Amino acid sequence: MNATHDHFRGLRTWWASPPRSGMRRLIAPWEYRHARFFGTGRLLGATAAAAAGGACLAYDAFGWAAFFLVIGALNFAGGCWLISIAREESRRSASASAAPR
């Protein structure tokens, strides 16, 4: 009985680290810890999806073009969000290390 309870406590502890609030809880922990890497990957994915959407537009496949362009826009928004989180975290750690003691 205790083994199951310990398993769930470990899972909650793993998911809660690092501590974050609000909408940032939606981001998976491994993605949050490496936000700049995953944000850049999302931006590259957005570029690829936009290129696929452009190719579909060139061949008059408007439904597929809309699909790829929406996927590209969502990836672009997610990538910008993750990069802004990474910038804020780096600013926060730099200001904490530069604070006078």
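## Packing of α4

The buried residues of α4 pack against α2 and α3. This is a predicted model. Nine names make up the buried set of α4: Ala65, Gly72, Asn75, Gly78, Gly79, Leu82, Ile83, Ile85 and Ala86. The helix itself runs over residues 62–98. It has 37 residues. From its first C-alpha to its last it reaches 53 Å, close to the 54 Å expected at 1.5 Å a residue.

## Helix α3 and its cover

Helix α3 takes in residues 35–58, 24 residues in total. At 1.5 Å a residue it should span 34 Å, and its end C-alpha atoms are 34 Å apart, so the two values agree.

The buried residues of α3 are Ala35, Gly39, Ala46, Ala49, Gly53 and Cys56. Their cover includes α2 and α4. Cys56 has a relative accessibility of 16%, and the cut-off for buried is under 20%, so Cys56 counts as buried. Cys80 is partly exposed, at 35% relative accessible area. The structure holds zero disulfides.

## After α3: Asp60

α3 is followed by Asp60. This residue sits in the loop between α3 and α4. Asp60 has 57% relative accessibility, and exposed means over 50%, so Asp60 counts as exposed.

Arg24 is found in the loop between α1 (2–16) and α2 (29–33). Is Arg24 buried or exposed? Its relative accessible area is 17%, so Arg24 is buried.

Neighbours within four places in sequence are left aside here. Arg24 is then in contact with Tyr32, Trp81, Ile85, Glu88, Glu89 and Arg92. One of these, Ile85, is also among the buried residues of α4. With Glu88, the side chain of Arg24 makes a polar contact, side chain to side chain, at 2.9 Å.

## Salt bridges

How many salt bridges does a search of the whole structure find? The search finds five. One of them joins the side chains of Arg24 and Glu88, at 2.9 Å from N to O. Arg24 lies in the loop between α1 and α2 and Glu88 in helix α4, so the pair ties together parts that are 64 residues apart in sequence. Glu88 counts as partly exposed, at 28% relative accessibility.

Glu88 also forms a salt bridge with Arg92, the closest N and O atoms being 2.5 Å apart. Arg92 and Glu88 are four residues apart in helix α4, so about one helical turn separates them. Arg92 is partly exposed, with a relative accessible area of 45%. Which residues are linked in a network of salt bridges? They are Arg24, Glu88, Glu89 and Arg92.

A further salt bridge joins the side chains of Glu31 and Arg42, at 2.9 Å from N to O. Glu31 lies in helix α2 and Arg42 in helix α3, so this pair ties together parts that are eleven residues apart in sequence. Glu31 is buried, at 12% relative accessible area. Arg42 counts as partly exposed, at 31% relative accessibility.

## Aromatic pairs

A pair of aromatic rings is described by the distance of the centres and the angle of the planes. The count of aromatic pairs comes to four. Among them, Phe37 and Phe38 form an edge-to-face pair, 5.5 Å centre to centre with 80° between the planes. The angle passes the cut-off of over 60 degrees, so the pair counts as edge-to-face. Phe37 is exposed, with a relative accessible area of 63%. Phe38 counts as partly exposed, at 29% relative accessibility.

Trp64 and Phe67 form an aromatic pair that is also edge-to-face: 5.9 Å centre to centre, 90° between the planes. These two residues are three apart in helix α4, so about one helical turn separates them. Trp64 is exposed, with a relative accessible area of 56%. Phe67 counts as partly exposed, at 43% relative accessibility. Ring pairs link Trp64, Phe67 and Phe68 into a cluster.

Conventions: Residues numbered from 1 in each chain as written. Predicted model: local features only at pLDDT ≥ 70, side-chain atom pairs only at ≥ 80, totals over all residues. Heavy atoms only, no water. Buried < 20%, exposed > 50% of the residue type's maximum accessible area, 1.4 Å probe, protein only. Polar contact = N/O pair within 3.5 Å; in protein donor to acceptor, adjacent residues only side chain to side chain. Contact = heavy atoms within 4.5 Å. Expected span 1.5 Å × (residues − 1). Disulfide = S-S within 2.5 Å. Salt bridge = Lys/Arg side-chain N within 4 Å of Asp/Glu carboxyl O. Phe/Tyr/Trp six-rings, centres within 6.5 Å; stacked < 30°, edge-to-face > 60°.
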